[in-house]
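Please look over the sequence and the structure shown here, and keep both in view while reading. The paragraphs after them go from the whole chain to single residues.

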Amino acid sequence: MESQFDSADENYWNRSSRAAFSFDDDDDPDMGKSGTISDQTKPSTKWDNGIFNDDTISEASFDNSAALGTLNHLSIKAILSDEALKLVLQEQTLDDHVLAKGVTPEEELKLLRRQIQSTLYSPNLEATVQKLLHGKLAPLEMFKSLQEKQELLDTLLANGGDAVIGVLLFLKRTLNTAQFNGILEQRPKALEHYLSYLRQSGDVSNYIEMLQRFGRHQEAALRQFQAAMACSELSTRKQQLQRLIDAYASAGVGIIPLYEQIFHAALKLQLLQEKEGLSHRFGEHATPIELLFVCCTQNKNWKDQDMLKLTSPQRFAADQDISPAQYEWTALNERAQAQAYADLECIFERVSTWHPLKSRQFHISFDLALAVQRLFELQAPATVLQLFLSKMSNSSEKLALAQRVKCIKAVIDAMVSLKQQQELQQLKETLPERSEEQFYCENALKSLQSKRWTTDNIKLKL
């Protein structure tokens with residue numbers, strides 16, 4: 001009975017007299033007797049630029065004469081090109097199939113046969129590279145000869161990506177050391193990839209070994225030094241540094257002398273920390289500049305420093321190869337923070353080497369304007385600022401800097417040097433009455449006027 005109703009229902013809806021329902025029945029053109037649109041009539045012009053004409057990818061606009069108007073009869077070549085179909089099949093061939101539970105023996109046999117074929121037969125380079133670049137797994141064991149492995153690596157290097165590391169590790173596992181190093185030597189880009197992998201993975205020993213093997217001794221020495229200084233215990237750092245010094249002294253490899261000086265200075269630093277206990281403020285990993293700051297704090301005699309004492313600032317700076325500019329800048333900051341301004345002049349005093357009997361002279365190894373600006377930031381008194389500003393030889397720069405740090409006496413001295421009498425008079429009127437700065441400005445004006453009259457008298461006599 002049900003089959004009769006089903007057949008009747010199907011015949012009813014398949015009749016040609018039953019037209020499909022449309023929301024546009026009112027606007028549709030005349031229908032023929034068969035219920036279809038007449039060939040002579042076309043839809044209204046309001047749909048010419050409508051959404052249906054623009055829908056170039058919809059099924060309504062899909063025209064495939066070979067498909068006979070139904071999706072069930074579409075050919076796969078009508079959807080994919082031959083090249084795209086070939087890539088899809090190659091990718092399926094290279095997939096690693098994991099046997100699931102409940103697989104029939106026939107399906108298991110097919111999977112195993114496909115895996116054996118992909119392993120035994122010649123590899124497909126393009127398909128493997130595409131899978132690796134997209135982050136997919138691909139069997140590399142099919143690349144057996146040295147030439148095939150080199151072609152695979154060269155193709156990946158040309159495209160870039162993290163897949164290069166995986167191929168390099170595959171080459172290292174399947175090639176001997178000489179072949180692997182030869183490949184890296186001929187391909188500097190591959191060498192950088194491998195060194196980056198060793199560095200990021202923390203394999204310090206192999207990383208240093210590869211640097212030394214390819215003649216990059218300076219980088220290897222620097223990395224060994226960093227590894228030695230990274231040791232947590234002071235005694236271990238000292239042992240590693242001593243071992244490093246002995247190794248490079250006996251090896252005779254190409255390393256710049258500066259690194260040897262750094263190794264010796266670092267060892268002296270560890271011995272000093274162990275003996276004098278200078279790590280109480282900045283910790284065991286303190287830098288030489290930080291320890292110099294501690295030495296400046298502990299020093300009590302700046303006029304005549306004891307060079308036999310290891311913690312003497314000058315002795316410590318010499319042992320650690322600290323430049324004079326770094327030494328002076330560190331000492332200036334420490335003494336200014338301690339408000340020991342009387343020691344500042346001793347820091348910048350030097351005895352001339354060519355004339356030892358000559359008196360000490362002021363000498364600074366960095367920009368004098370920078371020292372004045374730093375003292376102003378540390379709230380040094382005006383007398384200290386005037387002392388350093390008086391050492392400047394350029395009067396214009398001295399005037400600008402003195403105005404910036406608000407040192408009135410230095411401003412007055414600069415104006416006198418520039419013979420700016422009118423500006424001095426204007427400055428005097430802005431100063432507080434009967435203040436020290438006002439008296440200083442008045443004396444500067446008198447001095448400037450007397451110098452002018454003396455000059456004029458000399459000209460008249462001539």
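This is a predicted model: local features need pLDDT of at least 70, side-chain atom pairs count only at pLDDT 80 or more; totals for chains, interfaces and linings use all residues.

Residues are numbered from 1 along each chain as its sequence is written, and side-chain values use heavy atoms, with hydrogens and water left out.

The predictor's confidence in each residue, given as pLDDT from 0 to 100, has a mean of 75 over the chain, and 67% of the residues reach 70 or more. Over residues 27-69 pLDDT stays under 50, and the model has 26 contacts there beyond four places in sequence, a contact being heavy atoms within 4.5 Å. Residues 455-462 also have pLDDT under 50, with zero contacts beyond four places in sequence.

The secondary structure comes to 23 helices and two strands, where helices (H or I, at least four residues) and strands (E, at least two) are DSSP runs numbered from the N terminus. Of the 462 residues, 31% count as buried, and the term buried means under 20% relative accessible area, with exposed over 50% and partly exposed in between (1.4 Å probe, protein chains only). Among the contacts with a separation of 6 or more, 47% are between residues 24 or more positions apart.

Helix α9 (residues 188-201) has 14 residues and reaches 20 Å from its first C-alpha to its last, close to the 20 Å expected at 1.5 Å a residue; that expected span is 1.5 Å times one less than the number of residues. Which residues of α9 are buried? They are Ala-190, Leu-191, Tyr-194, Leu-195 and Leu-198. Seen down the axis of α9, these buried residues fall within an arc of 135°, so they line one face of the helix, the arc being that of the directions from the helix axis to the C-beta atoms. The buried residues of α9 pack against α6 (146-159), α7 (163-174), α8 (177-186) and α10 (204-213). Just after α9, Gly-202 takes a positive phi of about 80°.

A positive phi of about 55° is found at Asp-321, although this residue is not a glycine; Asp-321 is placed in the loop between α15 (313-319) and α16 (324-337). Lys-419, which is not a glycine either, has a positive phi of about 55° and lies in the loop between α21 (408-417) and α22 (421-430). With a relative accessible area of 67%, Lys-419 is exposed.
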